[in-house]
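Visitor: I have a structure open and would like to learn how to read it. Can we go feature by feature?

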Amino acid sequence: MAHGPAKGIGRWLFSTNHKDIGTMYLWFSFSMFLLGGFFAMVIRAELFQPGMQLIRPEFFNQMTTMHGLVMVFGAIMPSFVGLANWMIPLQIGAPDMALPRLNNLSFWILPFGFALLASTLFMEGGAPNFGWTFYAPLSTTYAPSTVNFFIFGVHIIGASSIMGSINIIATVLNMRAPGMTMMKLPLFVWTWLITAFLLVAVMPVLAGTVTMMLMDINFGTSFFDAAGGGDPVLFQHVFWFFGHPEVYIIILPAFGVVSAVIPTFSRKPLFGYSSMVYATSAIAFLSFIVWAHHMFTVGMPLAGELYFMYATMLIAVPTGVKVFNWITTMFRGSLTFETPMLYSIAFIILFTIGGFTGLMMAMAPVDIQYHDTYFIVSHFHYVMVAGAVFAMTAGIYYWLPKWTGKMYNETMGKAQFWLSFVGFNIAFFPQHFLGLAGMPRRYADYSLQFAEWNMVSSIGAFMYGAAQLFFLYNVIRTIVAGEPAPQEKTWEGAEGLEWTLSSPPPYHSFSTPPEVK
Amino acid sequence: MFSKLKQLVVYTLSPLLLLSYAGLSSAKEASDSGPEGWGLLNLPVGVSSLSRNSYELHMILLWVCVGIGVVVFGIMFYSMIFHRKSRGHEPATFHESTKVELLWTIIPVLILIALAAPATTYLVERYDTGEADIDIKITAYQWKWQYEYLGEDVQFMSELLTPESAIYGESPKSASYLSEVTEPLVLPVGKKIRFLVTAKDVIHSWWVIELGVKKDAIPGFVNETWVRIDEPGIYRGFCTELCGKGHAFMPIVVNAVSEDEYSSWLADKKVAVAAERELAKKVFTLDELMARGEAAYNRSCASCHMGNGEGVPGAFPALKASPIALGSVKTHLDVMVNGVAGTAMQAFGGQLSEVDLAAIITYERNAWGNDAGDDPDKIVQPVDVLKFKQGQ
């Protein structure tokens with residue numbers, strides 16, 4: 001038992017091994033990605049043409065809500081936790097995570113959380129239909145009775161995130177190999193450390209928000225009901241106090257992946273390592289003081305609106321620093337364009353476009369026009385999909401040979417990239433036009449002037465969806481029938497402790513701590 | 001490998017392209033004469049100082065972003081073309097420079113300060129809701145708008161005009177599909193109009209893009225915003241805060257007219273309101289009430305309780321054979337006029353006229369096999385509603 005995995009299902013159920021748990025996180029999140037993607041396909045199919053053809057508006061609302069919840073909490077967040085489980089011990093020279101049993105628990109409660117959430121689809125009243133932001137009173141007084149399942153689901157998912165984060169903080173602070181000082185940590189570890197602190201800070205706020213909802217719905221309180229002395233806008237303040245750091249929780253680990261991939265394929269060290277660390281910390285700090293920029297139309301006082309506008313604009317500065325550093329890393333390197341590099345370059349370009357629209361939206365007087373339109377939908381898919389998901393995909397292609405000891409097929413990888421890239425842009429770039437022309441988000445049906453670009457967007461979405469099945473095929477094919485990966489260094493320019501181990505790495509990763517000079 | 005892939009791509013895409021072609025040509029026939037289809041790319045300039053300022057700031061931001069993008073992506077693509085390994089480019093070894101880091105921190109800060117100046121001016125202007133010529137109270141309901149001309153004793157509901165059959169493809173879609181209402185908000189040009197925005201159930205948001213106005217309608221709170229419209233015309237808008245299943249089906253239409261036209265419209269409207277009030281004293285027959293009740297029910301009640309009165313299990317109760325529709329008139333009146341606290345049942349007392357309330361109640365007590373027999377309670381007259389309201 002001490003020197004290898006247990007046999008049978010017990011290996012997975014009772015696992016305390018960081019790699020096995022990481023693998024389970026990754027497969028779980030990918031299955032959630034396909035489920036959330038299926039909801040997206042239903043949405044885009046309904047929006048293919050004006051008029052209701054396939055589903056009814058009430059079910060459409062359930063689809064948009066479940067798509068958002070499943071993608072944010074089920075696909076993106078756990079996928080990065082999986083990556084952290086796999087890579088953090090390998091990158092800091094540790095044998096495993098610091099708290100292996102907590103690790104097992106934090107994974108295994110997740111499927112139950114999502115089973116609760118998804119089961120509402122089959123209940124009377126249907127799944128949550130109030131948007132992933134679940135604004136009160138639509139999510140309280142006016143919600144279907146299944147909202148209680150949603151609340152408990154969120155509690156479980158939140159508990160899982162908090163436990164995972166505590167584990168990451170404990171591991172990074174205590175388990176580093178001798179000589180691995182904080183300012184030598186790979187950026188993926190740094191970004192995750194900061195992310196973990198964000199999670200520990202804001203997941204309890206989310207738990208508090210849904211608990212207040214639970215009280216309002218079942219126990220006669222009036223936190224969010226003006227008739228009882230409460231305030232619906234309070235809900236939005238509390239929600240976005242969680243929700244804004246949440247978007248950085250999603251994107252910071254993605255920054256870490258890209259900061260590993262770009263130097264490898266540029267064959268040149270990352271430019272401005274310490275400024276990257278400071279910029280990440282600055283972004284994390286700013287994320288706590290800008291939340292009400294999601295609320296420019298709720299009727300805040302002028303002073304509040306001005307403050308949130310200025311503070312939000314500031315985020316452009318550290319984010320810009322990161323983009324400039326990546327590009328300077330590429331500058332005068334010796335570039336090759338394997339699949340992880342293609343995904344990382346696409347990440348930089350598309351994430352920057354998402355950053356541009358983010359800057360535009362920071363400006364309150366014009367955000368009045370953008371707010372709650374397809375312009376916003378486009379913006380956050382540029383940062384969530386072309387940002388987080390593209391970086392995740394880059395990370396998987398990059399480290400898959402290390403994990404499995406087998407090499408993926410480069411031609412298939414590149415083809416999969418181009419299908420994703422083209423599909424994504426066809427799906428989401430036209431949504432900028434739709435939003436600017438006046439189409440609100442979360443609309444089950446729309447006026448005729450929006451027909452053309454909606455159809456284009458749907459075609460792109462189907463393409464992007466197909467590309468993800470292609471990705472699944474590539475990964476399985478690599479595991480089942482991939483060529484053996486070159487031992488140790490798969491990539492010529494790769495640096496870091498993970499590349500000093502065999503591929504796949506030994507069961508207990510580093511059983512003697514490596515020395516870091 | 002690649003030729004196979006190309007084939008695959010062609011085969012999967014060709015039916016989609018054909019489909020899209022067919023869909024586009026059919027959509028074209030029905031579309032509006034304004035900006036549409038492929039030409040819809042940017043914010044409209046609009047017809048108020050608010051919308052023009054938003055547009056101007058939007059264009060400044062767009063060009064600033066394009067400028068930065070050209071420089072940043074330019075350098076990136078330069079590297080991608082000239083610093084390839086396949087060209088034999090050897091990697092440099094530099095990896096930090098405090099000077100450069102400072103430079104690309106300070107320059108963005110300066111750009112941001114330059115952008116903050118116009119943004120601040122425009123935002124301050126938006127908040128100047130004082131000294132209005134006309135006050136309009138906008139109240140949002142699931143899923144319609146109520147407009148009240150404060151001090152004029154004129155108020156009306158504005159609801160989606162598009163029939164359900166058009167939405168579900170059983171009848172053709174008009175050019176203003178989902179952008180047409182039973183009664184538009186009529187406003188004069190050149191006057192400063194203040195909107196007082198609120199809601200009765202969930203949060204909605206009142207948005208007309210060409211006026212540059214978007215404000216959340218929040219139950220229990222009144223938000224203020226304003227506009228001065230420069231040009232007469234029909235301006236269409238939407239609800240922009242998710243408010244339930246009818247979110248996409250509560251559009252806004254503003255009819256901006258000259259001051260003279262506005263005055264005469266307002267005078268006519270007052271006469272109509274007086275006539276409607278007079279009607280409340282009349283005694284109706286069962287058939288009259290049933291006919292009017294069916295129409296009013298389908299407009300105001302059917303979206304939840306359904307046209308057949310069977311409701312939606314788990315969400316909205318059935319009225320067919322329900323204890324309320326068959327029970328005491330007083331309870332029935334109470335539910336209709338005051339709503340049911342803590343549920344989606346709205347208080348219709350302020351939304352509908354006494355005649356419509358009486359007609360709907362009578363309809364509910366006699367439709368779908370609901371039968372009160374010879375009970376005198378089977379007919380409720382507008383006067384009964386009026387008495388109930390005054391008595392409480």
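Visitor: Is Glu131(B) buried or exposed?

Guide: A residue is buried if 20 or more other C-beta atoms lie within 10 Å of its own, exposed if 12 or fewer, and partly exposed in between; C-beta atoms are placed from the backbone. Glu131(B) is exposed because 8 other C-beta atoms lie within 10 Å. This is a predicted model: local features need pLDDT of at least 70, side-chain atom pairs count only at pLDDT 80 or more, and totals for chains, interfaces and linings use all residues. Residues are numbered from 1 along each chain as its sequence is written, while chains are lettered from A and ligands numbered from 1 in the order in which they are written.

Visitor: Where does Glu131(B) sit?

Guide: Helices (H or I, at least four residues) and strands (E, at least two) are DSSP runs, numbered from the N terminus. Glu131(B) sits in the loop between helix H3 (98-126) and S1 of chain B.

Visitor: What should I look for in the backbone angles?

Guide: Most residues other than glycine have a negative phi, and most peptide bonds are trans. Glu131(B) has a positive phi, near 45°. Phe134(A) also has a positive phi, near 30°. Phe134(A) lies in the loop between H4 and H5 of chain A. Phe134(A) counts as buried because 25 other C-beta atoms lie within 10 Å.

Visitor: Which residues does a cis peptide bond join in chain A?

Guide: Ala136(A) and Pro137(A), with omega about 0°. Pro137(A) is in the loop between helix H4 (100-119) and helix H5 (147-174) of chain A. In chain B, a cis peptide bond joins Gln142(B) and Trp143(B), again with omega about 0°. Trp143(B) is in the loop between S1 and S2 of chain B.

Visitor: How many bridges join S1 and S2 of chain B?

Guide: Two strands pair if DSSP finds at least two bridges between them. Strand S1 (residues 134-141) and strand S2 (residues 144-149) of chain B run antiparallel, joined by six bridges. Lys137(B) has Glu148(B) in S2(B) as its bridge partner. The hairpin from S1(B) to S2(B) passes through two residues.

Visitor: What does S2(B) pair with on strand S3 of chain B, and in which sense?

Guide: S2(B) pairs with strand S3 (residues 154-158) in the antiparallel sense, over five bridges. Tyr149(B) stands opposite Val154(B) in S3(B). Four residues lie between S2(B) and S3(B) in their hairpin, and Gly151(B) in the turn has a positive phi of about 85°.

Visitor: How do I read the sides of a helix?

Guide: An α-helix has 3.6 residues a turn, so residues three or four places apart point the same way. In helix H11 (residues 382-391) of chain B, the buried residues are Pro382(B), Val385(B) and Phe388(B). They are on the same side of H11(B) because they cover an arc of only 120° around the axis; the arc is that of the directions from the helix axis to the C-beta atoms. Exposed Gln390(B) and Gly391(B) are on the face turned away from the buried side.

Visitor: What covers the buried residues of H11(B)?

Guide: Two residues are in contact if their C-beta atoms, placed from the backbone, lie within 7 Å. The cover includes helix H9 (329-338) and helix H10 (354-366) of chain B.

Visitor: How many residues does each chain give to the contact between A and B?

Guide: Chain A gives 88 residues and chain B gives 90. On the side of chain A that touches chain B, H10(A) gives the largest share, eight residues.
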